[in-house]
Amino acid sequence: MSALQRIRIAARLRPRIDGEVEDTSIQVIHSDQAASCISIANPRDPTQVFKFPFSSCYDQSSTQEEIFDRDVQPLINVVYSGVTVTIFAYGVTSSGKTHTMQGSKSQPGVIPRVVTAMFQQKSSLHRSNVSLAVSYMEIYKDEVYDLLVNRETAPKLPVRENDVGQVFVANLTSIPINSIEEFDAIYLQASKHRSVGSTNLNHASSRSHAVLTIEVTMTDSSEEKTLTGKINLVDLAGSENNKLTGNDPTRMSESSAINKSLSVLGQVVHALNQGASRIPYRNSKLTRILQDALGGSSVGLLICNLAPGVKFRQDTLNTLNFAVRTKNVENRPVINERNNKPKPKPHFAAIQPPPPKLAPAVLQPVSTAGSSSGPSRQSLVPGPRQSLAGFSRVPRVSGFGIGPSTSLPTRLRSSGGVAAVKEKEPGGMQLTDKDIDERIAKAVEMEVARRLEEREKERVKDEEERRAKEQAAAEQEKSASFDQRGDQKLPPGILTPLLRKHRDLDDELKTRLEELEEKFERGNKETQLADVLSPLSKKKTGRAYVALARAHSEKGDLQVALELYRKAESYVPDNIKLKERIIEIEWAAKNNKEFVPSPKKVKKVKTKKRKDVKGVADGLGHAQGGRESDVFDNGKGKRKQDGPSFGIEVTNSPFKKIKTEGWEDSIGTPPGQYHNIKAEGNDELEWASARNSIDMEDAA
Ligand SMILES: Nc1ncnc2c1ncn2[C@@H]1O[C@H](COP(=O)(O)OP(=O)(O)OP(=O)(O)O)[C@@H](O)[C@H]1O
């Protein structure tokens, strides 16, 4: 088992800065006998003093160098052993976090010193291939931004988890660095991208949490293995008391995001201390990104920055309380080692059986046990086969910063051949041949059972698919037969109840409907007949009907005449004269009036001389009582009619303007409306139509 390591705490009290009043409410006490501590008077009872002992306490006179040498430098070796180290500066706004982490040119902080140390370490190594790379991001208002790209166009970066549960920031830039100068240039530029604002407490207050990662990749001379170490340097934004900062609305919203994420950080630490089953890492991007450092697999150092004076006393107490809780968080650091050789394909017999479905608790992440008092978690991490500086050497994807590597964390290596079976033995015990034989036999048994189960599943699936298909086909058939039924006639009598219901239906309406139906049927039949005839036959048939109709009309049998005229119309539908005749008879029949047919027109007379046709005009006997037609040749080979044509009685007949009265006429004019019949006129079109009519009459 890899060793559990608690997060190391260092507290640093910054000196007074301009305008701050000198007081001794917060002090650093060094003692040869006991651990150094921070002493602070109880805000409610000044006679009472709280003492917070930490492994490292730095007073106001402490230097950047001291802090680095004592607490940071030793971690460089850890990084080079392939472990992830996280150092984060925590404290109220203006307590000196950025000063500690970044520092200034004259007082370089942790970051530049770490980079220098990393390059120094690199040059002292005799490995064939060691490379360093840097990535830098900020979490601003709970969104992650890449500080190594143009800030204006920097997209929000997603925080993801790879398939082995490692959290990483997707698409984060990682730039290889070959010298301190290269780093300085990159860092200087990137720092300008960081969100900084002025508040009453700090003219250059960080408005975001910044995470700088230096990654070292080491490949040995045989190139069989690669070690990856990382150091994450986190400059947290400070918790803010808006009364003190005098924040404007923009600062307030930043402040609220900062305070919220720090509050989640506190909750995570608290949950870890309590050994809670659910740690609220996901409640903020900050804790999600710091997941590996808090109860994860990295080595942690928390630098608590404290601001002096009564003004900050409550904030200092809060910071110290957080530090005390964090002190109890235990990590289980692992060495991130990747085997570059492709693994031999394991024999199926050596494959570990799948984990039982009802035992998810066994698959808890790598042990991230809480305090010694809290319940520690069960881990599947194998015993250390090789140990370096107290860390287990296991392939591991390191956490945030640069994207996930391809190595698998041990906790998910559920298969891996016989060698893997051996590896799984707690304490690294070797198995005897008998053990191996037994395991192989068991594995074979399980494999056979698994395959049988798989086949059975497939069979059931096929059966289900077949049934589904059959059902679909049956349903289709059913719906088709239903559709067919829809085409069939309604069974007799089905409408009877409906008709009974509407007994009060207007009789007149019923009669009218019947008439219309009849008309439609008749028209339909004639139209069908007419359709198959040649134009000449149509005309002849039409003439024949007209002749018959005329004969009936003369006898006063108007209904029959009307029928015959309508039949004639089916054969010569464009004949306007015929239409007029039908309307004329319809009107007479409807109004019980005597029908006075127009006189039979005389045959074409070729003489230019006007001819009186009276008495001879109507060869069919229609002249009696009718008006004579005046027909003459206009001298251009065309006949002109004079006055009302074709015997239509203009003065007494309704044809000039007929108002339909309570009935619909045969050309569809609705009741109560007028339709005009152009009884007068002498244009060629009318003439041609009239000619047609005359021809038919003549033929008859
Ligand atoms: N140890 C120190 N020695 C000298 N000056 C310091 C020290 N610590 C902090 N300061 C000064 O105090 C001021 C505030 O420090 P700094 O900006 O580092 O605070 P901070 O905690 O990062 O604040 P914020 O959270 O608002 O970003 C700065 O002017 C800084 O130079």
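**Entry 1: ground rules**

I number residues from 1 along each chain as its sequence is written. Since the model is predicted, local features need pLDDT of at least 70, side-chain atom pairs count only at pLDDT 80 or more, and totals for chains, interfaces and linings use all residues. Helices (H or I, at least four residues) and strands (E, at least two) are DSSP runs, numbered from the N terminus.

**Entry 2: the ligand shell**

I looked up what surrounds the ligand and found 18 residues; a residue counts as near if its C-beta atom, placed from the backbone, lies within 6 Å. The closest are G96, T98, S205, S206 and G238. Two elements give two or more residues to this shell, namely α2 (97–101) and β15 (205–206). With three residues, α2 gives the most. By class I noted four nonpolar, 12 polar and two charged residues. Here Ala, Val, Leu, Ile, Met, Phe, Trp, Tyr, Cys and Pro are nonpolar, Asp, Glu, Lys and Arg are charged, and the others, Gly among them, are polar.

**Entry 3: the sheet β3-β4-β5**

I then turned to an open sheet of three strands, in the order β3-β4-β5, with antiparallel pairing. Two strands pair if DSSP finds at least two bridges between them. The edge strands, each pairing on one side only, are β3 (26–29) and β5 (49–53). On average, neighbouring strands here are turned by 25° against each other, direction ignored. Between β4 (residues 37–41) and β5 I found five bridges in the antiparallel sense, and I40 stands opposite F50 in β5. Helix α8 (residues 313–327) packs on this sheet and touches β3, β4 and β5. The direction of α8 makes about 140° with that of β4.

**Entry 4: the partners of β8**

Which strands pair with β8? Strand β16 (residues 209–219) pairs with β8 (residues 129–140) over 11 bridges in the antiparallel sense. In that pairing, S135 has T213 as its bridge partner. Strand β13 (residues 175–177) is also antiparallel to β8, over three bridges, and P176 in β13 is the bridge partner of A133. Strand β9 (residues 143–146) is joined to β8 by four bridges, and the two run antiparallel. There I139 stands opposite V144. I noted that β8 and β9 form a hairpin with two residues between them. K141, in the turn, has a positive phi of about 50°.

For each helix pair I wrote down an angle and a distance between axes. Axes are lines fitted to C-alpha atoms, for helices over the stretch in contact, and angles run from 0 to 180 degrees between N-to-C directions.

The axes of α13 (residues 535–554) and α14 come within 8 Å and cross at roughly 170°. The two helices are therefore roughly antiparallel; angles under 35 degrees count as roughly parallel, over 145 as roughly antiparallel, 65 to 115 as roughly perpendicular and the rest as oblique. Residues are in contact if their C-beta atoms, placed from the backbone, lie within 7 Å. Among the residues that meet are Y545, V546 and L548 of α13 and L564, Y565 and Y571 of α14. This contact divides into 11 nonpolar, four polar and two charged residues.

The axes of α14 (residues 558–571) and α15 (residues 576–590) come within 10 Å and cross at roughly 155°. That makes α14 and α15 roughly antiparallel too. Their crossing is left-handed; this holds if the near helix is turned anticlockwise from the far one by less than a right angle, and clockwise gives right-handed. The residues that meet include L562, Y565 and R566 of α14 and I582, I585 and E586 of α15. I counted by class 10 nonpolar, one polar and five charged residues in this contact.

**Entry 5: α1 and α3**

Last, I looked up α1 (residues 64–80) and α3 (residues 110–124), whose axes come within 10 Å and cross at roughly 45°. That makes α1 oblique to α3, and the crossing is right-handed. F68, V72, Q73, I76 and Y80 of α1 make the contact with V110, R113, V114, A117, M118 and Q121 of α3. By class this contact has eight nonpolar, two polar and one charged residues.

How values were computed:
Two residues are in contact if their C-beta atoms, placed from the backbone, lie within 7 Å.
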